[in-house]
Amino acid sequence: MTETLRLGTATTRTQTKLLLLGSGELGKEVAIEAQRLGVYVVACDRYDNAPAMQVAHARYVFPMLDAARLREVIEAEKPDFVVPEIEAIATDTLVALEAAGVRVIPTARAARLTMNREGIRRLAAEELGLRTSEYRFAETEQEYRAALREVGLPAVVKPVMSSSGMGQSSLLANASEEQIATAWRYAQSGARGGGGRVIVEGFVDFDYEITLLTVRHAAGTSFCAPIGHRQVQGDYHESWQPQPMSAAAEAEAERMARAVTDALGGRGLFGVEFFVRGDQVWFSEVSPRPHDTGMVTMISQDLSEFALHVRAILGLPIPNIAQHGPSASHVVLGDGQSDAPVFHVDPAALTAPDTALRLFGKPEVRGHRRLGVGLARGATLEEARAKATAVARGVRVELS
Ligand code: AMP
């Protein structure tokens with residue numbers, strides 16, 4: 001007999017414990033998948049009743065950037081696995097705890113490098129030699145202007161610490177002095193912690209962009225079918241799978257995804273993002289955890305990206321990833337203020353076969369927020385996208 005894997009029973013002295021850092025909609029699905037294997041789940045986030053907390057055994061409310069509290073909670077809980085769900089975490093503390101024997105998924109270094117666009121960009125472009133957009137980093141407005149001159153217009157400006165399009169601007173080839181100044185100020189306001197450092201990237205005129213979900217597990221590395229997606233103001237709006245690609249482009253994306261995930265190491269699922277034009281592929285960034293565009297896998301695959309993550313974390317085998325054909329996801333957004341959102345669901349869209357709706361259960365909305373996702377399969381990608389969009393549009397969000 002081969003060596004067995006030990007899993008305990010949640011709530012008993014034998015339990016296997018997984019602690020989530022960040023408890024949003026992606027963490028919620030990871031928690032559910034862990035629960036399905038009898039794993040004890042502890043969910044942490046900065047606000048109470050965050051989505052994953054609602055399906056966890058225990059919860060802690062504190063900012064993930066609070067290093068002292070983070071250490072305290074991990075030392076008190078002694079989890080078997082610490083699973084980051086967001087980027088903004090006191091990752092130096094994770095590095096220190098890992099050195100002391102705590103298991104961080106996939107590795108503390110991966111969490112630290114990907115928290116800051118500079119870490120991962122320098123690893124991918126300068127150490128691994130992967131093709132990326134042109135880029136420069138800048139700390140001051142003067143450096144920013146020099147960076148723009150070197151990279152040239154059109155360009156994209158982003159805070160090094162940000163996600164979901166926060167603080168990000170695109171500057172067209174004919175951008176005015178005023179727009180250049182505004183992009184700098186916007187990047188300063190959108191930065192999450194860590195001050196005003198920005199990356200100036202040359203604009204890549206791509207045909208399409210993909211997320212290549214890549215899972216490092218006990219027996220090697222597996223890839224999901226490529227996921228195409230559409231971003232609005234730097235934030236995921238719609239995704240679909242499989243994105244049609246040339247064999248050469250797909251092979252190149254897989255080669256680059258393997259290189260970057262091997263360099264980050266550990267076990268778990270990664271979302272590796274690429275821009276594609278013809279057979280040319282540019283590495284953009286990587287999340288060492290499930291990716292928002294990968295929510296489509298909740299309907300497109302036997303094992304969703306969340307199930308794959310949990311299987312990889314626990315050391316369970318992943319012999320194959322069955323894909324069910326053209327599938328899509330479309331976000332349900334809310335915009336306003338509420339501490340008790342209501343969803344008015346038009347049943348018409350959900351009467352179409354092979355459709356699904358997820359509502360995340362976020363108890364508070366302040367401004368623009370992703371609150372759910374419509375999912376669908378279809379005979380073609382066009383049909384799947386139309387159905388997923390109809391499901392999402394069929395939900396009217398009432399914020400009061
Ligand atoms: P990011 O937060 O870096 O993933 O950027 C969000 C989105 O902005 C990407 O998914 C692209 O749609 C777009 N974008 C970012 N960087 C570039 C670039 N250098 N060239 C063209 N589009 C970009």
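**Polar contacts and ligand surroundings**

In this predicted model, the side chains of D292 and R370 form a polar contact at 3.0 Å. D292 is placed in the loop that runs between β14 (280–287) and α9 (297–300). The relative accessible area of D292 is 15%, and this residue is therefore classed as buried, the cut-off being under 20%. When neighbours within four places in sequence are set aside, the residues in contact with D292 are L26, D235, Y236 and R370.

The side chain of E77 makes a polar contact of 2.6 Å with the side chain of K17. E77 counts as buried because its relative accessibility is 14%, and the class requires a value under 20%. With residues up to four places away in sequence left out of the count, E77 touches K17, L19, V42 and Y60. K17 is accordingly found among the residues touched by E77 and also as its partner in the polar side-chain contact.

The ligand is surrounded by 16 residues, of which R117, K158, V204, E209 and E285 are the closest. For Q168, a polar side-chain atom is placed 2.9 Å from an oxygen atom of the ligand. For G202, the atom concerned is a backbone N or O, which lies 3.0 Å from a ligand nitrogen atom. V204 likewise takes part through a polar backbone atom, at 2.8 Å from a nitrogen atom of the ligand. Taken alone, the ligand exposes 480 Å², and 93% of that area is buried by the protein.

Two or more residues of the shell around the ligand come from each of the elements β6 (155–159), β8 (198–202) and β13 (268–277). In terms of domains, at least three shell residues are drawn from domain 2 (134–202), and at least three from domain 3 (205–319). The composition of the shell by class is five nonpolar, five polar and six charged residues.

Notes:
Residues numbered from 1 in each chain as written. Predicted model: local features only at pLDDT ≥ 70, side-chain atom pairs only at ≥ 80, totals over all residues. Heavy atoms only, no water. Buried < 20%, exposed > 50% of the residue type's maximum accessible area, 1.4 Å probe, protein only. Polar contact = N/O pair within 3.5 Å; in protein donor to acceptor, adjacent residues only side chain to side chain. Contact = heavy atoms within 4.5 Å. Near = heavy atom within 4 Å. Areas by Shrake-Rupley, 256 points an atom, 1.4 Å probe, with all protein chains shown as cover. Helix = DSSP H or I, 4+ residues; strand = E, 2+ residues; numbered from the N terminus. Nonpolar A, V, L, I, M, F, W, Y, C, P; charged D, E, K, R; others polar. Domains from an automatic or database assignment.
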